[in-house]
Amino acid sequence: MAHRFPALTSEQKKELSEIAQRIVANGKGILAADESVGTMGNRLQRIKVENTEENRRQFREILFTSDNSINQSIGGVILFHETLYQKDSQGKMFRTILKEKGIVVGIKLDQGAAPLAGTNKETTIQGLDGLSERCAQYKKDGADFGKWRAVLRIADQCPSSLAIQENANALARYASICQQNGLVPIVEPEVLPDGDHDLEHCQYVSEKVLAAVYKALNDHHVYLEGTLLKPNMVTAGHACTKKYTPEQVAMATVTALHRTVPAAVPGICFLSGGMSEEDATLNLNAINLCPLPKPWKLSFSYGRALQASALAAWGGKAANKKATQEAFMKRAVANCQAAKGQYVHTGSSGAAATQSLFTASYTY
Amino acid sequence: MPHSYPALSAEQKKELSDIALRIVAPGKGILAADESVGSMAKRLSQIGVENTEENRRLYRQVLFSADDRVKKCIGGVIFFHETLYQKDDNDVPFVRTIQDKGIVVGIKVDKGVVPLAGTDGETTTQGLDGLSERCAQYKKDGADFAKWRCVLKISERTPSALAILENANVLARYASICQQNGIVPIVEPEILPDGDHDLKRCQYVTEKVLAAVYKALSDHHVYLEGTLLKPNMVTPGHACPIKYSPEEIAMATVTALRRTVPPAVPGVTFLSGGQSEEEASLNLNAINRCPLPRPWALTFSYGRALQASALNTWRGQRDNAGAATEEFVKRAEVNGLAAQGQYEGSGEDGGAAAQSLYIANHAY
């Protein structure tokens with residue numbers, strides 16, 4: 001322990017740090033378009049579209065060929081493996097289209113959940129085998145960041161110490177390997193919203209999970225300035241009968257983060273979980289208006305919350321391309337404003353009205 | 001793990017947080033006047049004064065009789081047990097004098113270091129037995145914060161994993177007990193400057209130690225907003241042949257803190273270690289001018305670096321008391337400025353010229 005063996009050179013650190021900052025500069029956030037084939041199946045089934053490679057390609061093409069101004073709101077796009085190698089109808093690679101817009105290309109790296117025996121149905125994540133070689137190839141093929149989703153759930157005896165420890169460790173290994181290959185790791189320790197627990201309980205669990213994650217990252221010599229965090233917002237469980245305002249969600253979320261996430265981390269891009277598009281935007285806005293110290297960028301990495309309307313507008317029909325792009329652009333712009341605390345929900349009176357709803361921080 | 005059993009009520013949290021913020025209010029720092037009887041022996045023998053209880057009382061009187069100028073730059077004073085119950089020549093308890101100046105009273109509560117068997121001369125710190133009862137009594141007797149010093153050292157095989165873990169754990173137990181009794185714990189994991197290691201090595205070790213400390217504090221459910229950190233600055237070892245500028249020390253120090261100290265911690269009050277009075281001020285100033293974002297107050301908790309000139313001027317003579325007090329006030333004011341990055345140095349060219357000497361942070 002006494003001696004350090006530097007994991008990265010100054011040049012490597014500089015590259016990673018610059019990539020991370022580019023992704024979250026000026027209120028920009030991330031489009032999580034990395035739905036696996038199975039997950040895309042769920043999405044497409046809802047709009048009665050067949051889950052074929054061509055249909056998946058068509059939908060992503062519509063999103064990625066949006067007007068260039070999308071690059072004011074979107075700093076990075078996470079792709080699924082298949083999508084990284086797909087092209088538009090003129091034969092131009094998606095990753096080239098995105099790069100030409102100045103958007104950073106990312107790649108989902110984990111290979112799904114595996115059960116942890118002896119726990120109450122808890123899981124860890126696989127994907128470490130051969131990860132270094134995969135990362136090196138993805139870097140050559142245009143990716144500059146990676147994403148890996150660990151999942152924890154709140155239930156009886158959950159999350160257990162083992163689940164927290166194991167997922168934190170796997171995330172740290174993944175992060176270390178990414179950085180060795182010039183990829184910025186997005187670290188995603190998602191605490192699921194399933195359950196009837198209240199806001200305070202989610203906050204408590206989130207704090208414990210994040211503390212373990214950052215200890216593991218430190219143990220594994222990960223360069224924090226070259227990472228991004230993708231956590232859940234702190235919310236009550238879906239089945240909780242008590243309702244909370246965006247300001248309460250914001251205060252609980254920022255409190256948890258500021259007790260656990262070192263200032264060296266350049267950006268925190270929230271996942272949207274099961275939130276509606278509008279709730280995801282309102283909550284992000286409230287988070288950015290929260291009066292606690294916030295030394296990191298607080299932005300978005302949304303999947304459903306950026307694409308739900310777009311999917312509905314598309315319905316699988318090429319003729320709906322313009323409407324689809326408009327729906328997508330609208331959410332992207334709204335979330336960019338929210339990432340700056342400037343989102344005005346039509347019908348609300350904006351910042352001033354929400355400000356007074358913050359409960360004093362010491363109660364959290 | 002899944003359930004939280006709140007360690008503190010909302011009122012307790014607010015009280016702790018308010019105390020911490022008062023101590024590190026802008027421009028203020030701490031006078032560490034908690035030298036044990038043994039430590040005072042060393043100080044007094046250097047000026048040829050006998051180490052009696054009366055001499056120790058007379059000396060502390062020199063410091064505590066400072067005029068109102070110290071109100072702007074001293075937020076807290078750490079007492080040794082004996083001093084907490086001593087009075088000045090007019091029979092006014094020292095505690096009252098300090099409190100009347102609006103300064104928070106603190107108390108050293110550790111009971112010194114003990115060896116860790118099986119290590120290369122490493123130690124842990126004792127003092128947990130009956131600590132709760134002692135804290136309750138100190139709180140009644142006027143103390144609102146406490147201090148506990150752990151010591152680690154850098155050498156070929158140290159600090160070992162055990163030393164880091166054990167000291168972090170004991171600091172967390174101490175902090176938890178303090179908070180239960182309404183006392184803000186100052187957490188001091190000092191890494192000694194002894195040795196010939198360079199700046200980078202000290203930075204690496206400091207990051208590992210602080211990560212362990214904050215993981216332990218999280219595990220022990222310590223309320224970070226109601227604590228203060230008292231770390232070493234990141235410096236080369238005393239015997240290191242390479243010389244570093246205050247800007248390099250500042251950059252290494254702030255980088256280490258940014259990677260490990262959550263923004264919820266209201267203030268970082270550096271120890272001065274073996275630094276001279278002027279060095280300690282110049283380094284603190286450079287730290288407060290460092291171009292990296294710093295979400296906590298960065299100030300001083302100095303013993304020798306506030307008292308060396310005063311001690312030397314006093315030399316045990318009542319006639320010198322006034323002049324000695326003046327020396328102390330001078331250093332206090334200088335450090336108050338340094339805590340805001342406004343110290344122009346003792347005649348040298350500070351400010352603009354120094355600014356350009358900061359090396360880009362990815363080199364750290």
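**Salt bridges, aromatic pairs and cavities in a predicted model**

Let me begin with Lys99(A), which forms a salt bridge with Asp144(A), the closest N and O atoms lying 3.9 Å apart; a salt bridge here is a side-chain nitrogen of Lys or Arg within 4 Å of a carboxyl oxygen of Asp or Glu. Lys99(A) sits in helix α5 (residues 94–100) of chain A and Asp144(A) in the loop between α6 (131–140) and β6 of chain A, so this pair ties together parts that are 45 residues apart in sequence. Helices (H or I, at least four residues) and strands (E, at least two) are DSSP runs, numbered from the N terminus. Lys99(A) is partly exposed, with a relative accessible area of 40%, whereas Asp144(A), at 12%, counts as buried. Buried means under 20% relative accessible area, exposed over 50%, and partly exposed in between, with a 1.4 Å probe and protein chains only.

Residues are numbered from 1 along each chain as its sequence is written, chains are lettered from A and ligands numbered from 1 in the order in which they are written, and side-chain values use heavy atoms, with hydrogens and water left out.

Over all chains the structure holds 43 salt bridges. One of them joins Asp34(A) to Lys147(A), with the closest N and O atoms 2.6 Å apart. Asp34(A) lies in the loop between β1 (29–33) and α2 (37–46) of chain A, and Lys147(A) in strand β6 (residues 145–152) of chain A, so the pair connects parts that are 113 residues apart in sequence. Lys147(A) also meets Glu188(A) in a salt bridge of 3.8 Å, N to O, and Glu188(A) belongs to strand β7 (residues 184–191) of chain A, 41 residues away from Lys147(A). Both Lys147(A) and Glu188(A) are buried. Asp34(A), Lys147(A) and Glu188(A) are among the members of a network of salt bridges that also includes Lys108(A), Arg149(A) and Glu190(A).

Turning to the aromatic rings, we count nine aromatic pairs over all chains, where rings of Phe, Tyr and Trp (its six-membered ring) pair if their centres lie within 6.5 Å, and planes under 30 degrees apart count as stacked, over 60 as edge-to-face and the rest as tilted. Phe64(B) and Phe79(B) form a tilted pair, 5.2 Å centre to centre with 35° between the planes. Phe64(B) is in helix α3 (residues 53–64) of chain B and Phe79(B) in strand β2 (residues 74–79) of chain B, so they tie together parts 15 residues apart in sequence. Both are buried, and together with Phe94(B) they form one aromatic cluster.

The largest cavity has a volume of about 170 Å³; on a 1 Å grid over the protein atoms alone, a cavity is a set of points where a 1.4 Å probe fits but cannot get out, and lining residues have an atom within 4 Å of a point. Grid points are joined across faces, edges and corners, and a volume is the space filled by probe spheres set on the points. Of the 17 residues lining this largest cavity, the closest to its centre are Tyr214(A), Thr260(A), Ala211(B), Tyr214(B) and Thr260(B). Helix α8(B) gives the most to that lining, with five residues.

Notes
This is a predicted model: local features need pLDDT of at least 70, side-chain atom pairs count only at pLDDT 80 or more; totals for chains, interfaces and linings use all residues. On a 1 Å grid over the protein atoms alone, a cavity is a set of points where a 1.4 Å probe fits but cannot get out, and a pocket is an open set with protein on both sides within 12 Å along at least five of seven lines; lining residues have an atom within 4 Å of a point.
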